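Reader: I would like to learn how to read an interface in a model. Where do we begin?

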Amino acid sequence: MKKVVNRLIQCILTMFIVSILCFALTKAAPGDPVLTYVEPNMSEEYIANLRESMGLTKPLYEQYFIWLGKILQGNFGNSLMNNRPVLTQIMERLPATVILMGTSMVLGFLIAVLLGLYSGKNKNGVLDKITSLFCYVGISIPTFWFGIMLIYLLSVNLHLLPSIGMHSEGDRSFGDLVLHMVMPCAVLTFANASQYIRYLRSSTITEMSSDYVTVQTAYGMKDSGILFHHVLKNAMLPMITVLGMSLQSLVSGAIITEQVFAWPGIGQLAVTAVTQFDYPLIMGITMFTALLVVAGNLLADVLYAVFDPRIRKGSC
Amino acid sequence: MEKLLEVKNLKVSFFTDRGETKAVKNAGFELEKGDFFGIVGESGSGKSVTTKSILKLGTSNCVIKEGEVLFEGRDILKLNGKELREVRGKEIAMIFQDSLSALNPVYTVGNKMVELIRRHNPVGKQEAERQALELLTAVGIADPAKAMRSYPHELSGGMRQRVMIAMAMSSRPKILIADEPTTALDVTIQAQILHLLLELQRKNGMSIILITHDLGVVAQTCSRVAVMCGGYIVEEGTAEEIFLRPKHPYTRALIASMPRVGGGSFEQFLERDLSDQADSLCPFLNRCKYVEECCRKTLPEYYLAGEKHRVRCHRREEEV
């Protein structure tokens with residue numbers, strides 16, 4: 001229990017430091033928030049007044065604490081572009097990103113468990129070699145290139161799938177959503193699975209050479225039984241960390257992939273925010289993502305303790 | 001006495017990127033019902049690989065090139081997967097040196113014991129639990145119910161080795177192979193475990209193959225001993241013959257190198273010579289004090305120094 005409290009305090013500290021960095025970096029970035037409102041016929045005096053009313057003339061630390069105080073009350077401010085609350089905009093975009101990222105994470109994970117276990121067990125077998133090749137390809141090729149190639153092939157040439165967006169005009173059916181999801185989901189799943197398979201393969205290899213595997217063989221257990229009853233649970237432990245760390249991508253989204261497929265998620269929102277110098281939005285998305293990174297790590301630690309008895313009762 | 005297990009002409013090699021490593025060049029021995037058979041030898045002499053091969057437990061790069069392992073007349077090496085699993089654990093069980101890594105860290109002792117009992121016996125979960133408690137009591141665990149709920153890392157080394165023995169005993173095997181079972185334990189616990197093995201052997205009429213590099217352990221327990229060196233069994237006989245009338249220079253050197261209180265100079269310790277050596281010659285050639293011309297030409301055959309005391313050496317005279 002004490003450990004959990006300690007860990008929570010650590011998380012809060014981390015978030016605090018992240019908030020300082022986020023604020024400082026945004027302040028240091030080029031661009032002036034006032035310029036968003038400036039029109040050619042405005043007088044110098046008017047612009048100065050505007051600057052003052054936006055709180056930009058106050059000392060930096062004061063600005064920071066005002067901002068932090070508002071965030072703690074759940075107020076991320078309003079977007080400079082359309083003056084709508086940042087939080088509302090994030091929440092609007094959240095479902096699209098979660099659907100896309102969630103599906104590709106789950107699919108990638110399932111594929112990885114099957115192929116990772118299999119190729120770890122049959123190291124250097126034919127399927128292992130083929131899997132490894134695909135993994136290297138999956139890790140190496142940029143998602144935007146793969147996405148564009150898919151669009152070119154399946155949408156432009158073969159007219160099989162819609163290339164952009166989440167829904168067709170006026171069509172809100174589930175089938176339509178699935179059609180739109182196929183390509184971006186394939187791109188992300190391929191990338192995710194490639195990465196996960198590498199982790200699972202190597203942890204399976206390590207586990208397969210453990211003594212308890214030999215012992216179980218010596219006790220007459222089937223190979224498949226050993227794999228699923230003994231090796232799987234141990235080999236999955238490192239995956240907890242990997243999945244915990246990718247939790248934030250559920251929300252921050254695959255910025256590039258969303259851009260390529262014009263997927264209306266948070267990744268796209270972030271890109272728009274940056275190109276428009278929309279500071280409240282940039283900071284909001286950054287803080288939101290940071291929160292999820294911290295939460296993901298915390299969750300991974302908790303899950304580790306749940307699944308690994310050595311950590312639960314151990315000293316680490 | 002009834003012949004239970006017969007290992008004949010066993011040859012095992014490891015294949016790596018650097019080529020073939022011959023771990024066992026020629027090993028053969030017989031095990032009778034009720035035997036407590038010891039295999040001794042230095043690290044790398046092939047004793048562990050020999051016994052693992054009895055159950056075909058090698059890693060994927062370990063190949064049994066030749067030989068037969070006859071268990072009750074059937075060659076284990078020729079069994080198919082299902083038949084092999086029937087023998088493994090049920091007829092021949094095994095315990096290992098490192099009891100911590102031999103038990104799966106993420107499951108409780110009880111969980112795995114119940115699974116194991118039910119694999120070889122068609123009993124329900126409750127009956128299996130009852131049997132597990134009985135087995136744990138039989139191997140001298142004071143609070144078996146608590147041990148059942150424990151994870152391997154929560155038990156002491158001696159407790160874990162007792163759990164391993166209980167698991168091995170769960171199907172009442174005819175042969176128990178113990179691969180350095182006491183090496184990781186301190187001396188008091190070691191004595192307890194050896195005592196337990198002796199007791200179980202007597203009670204169940206089981207045969208035990210004990211692999212160790214500790215001659216003291218062999219002297220305390222074994223009725224017959226094989227001495228391995230460089231992939232060959234160089235001498236085999238009763239414990240008395242091996243300890244009191246050793247014939248092979250390697251056996252003698254091994255016995256002389258045993259540390260004794262107040263005695264023994266370090267000069268007697270065996271120096272290892274790992275230089276390459278022809279496969280078809282005596283494995284002790286490079287280290288032997290009594291090398292003769294014929295040693296450099298042919299591999300010695302066994303000669304009988306007693307009724308069942310065989311020695312693989314060219315020298316036959318009783319001289320030191």
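Reader: What area is buried between chain A and chain B?

Author: The size of an interface is often expressed as the accessible area lost when the parts come together. Between chain A and chain B about 2200 Å² is buried, and carbon and sulfur atoms give 59% of it; buried area is the accessible area (1.4 Å probe) that two parts lose on being put together, summed over both. In chain A, A:A218, A:Y219 and A:P309 lose the most area to chain B, together 29% of what that side buries. This is a predicted model: local features need pLDDT of at least 70, side-chain atom pairs count only at pLDDT 80 or more, and totals for chains, interfaces and linings use all residues. Residues are numbered from 1 along each chain as its sequence is written, chains are lettered from A in the order in which they are written, and side-chain values use heavy atoms, without hydrogens and water.

Reader: How many residue pairs are in polar contact across the interface of chain A and chain B?

Author: A polar contact is a pair of N or O atoms within 3.5 Å; within protein, one must be able to donate a hydrogen and the other to accept it, and residues adjacent in sequence count only if both atoms are side-chain atoms. The rule finds 14 such residue pairs between chain A and chain B, both residues at pLDDT 80 or more.

Reader: How many residues does each chain bring to the contact?

Author: Contact means heavy atoms within 4.5 Å. Chain A brings 22 residues and chain B 29 residues.
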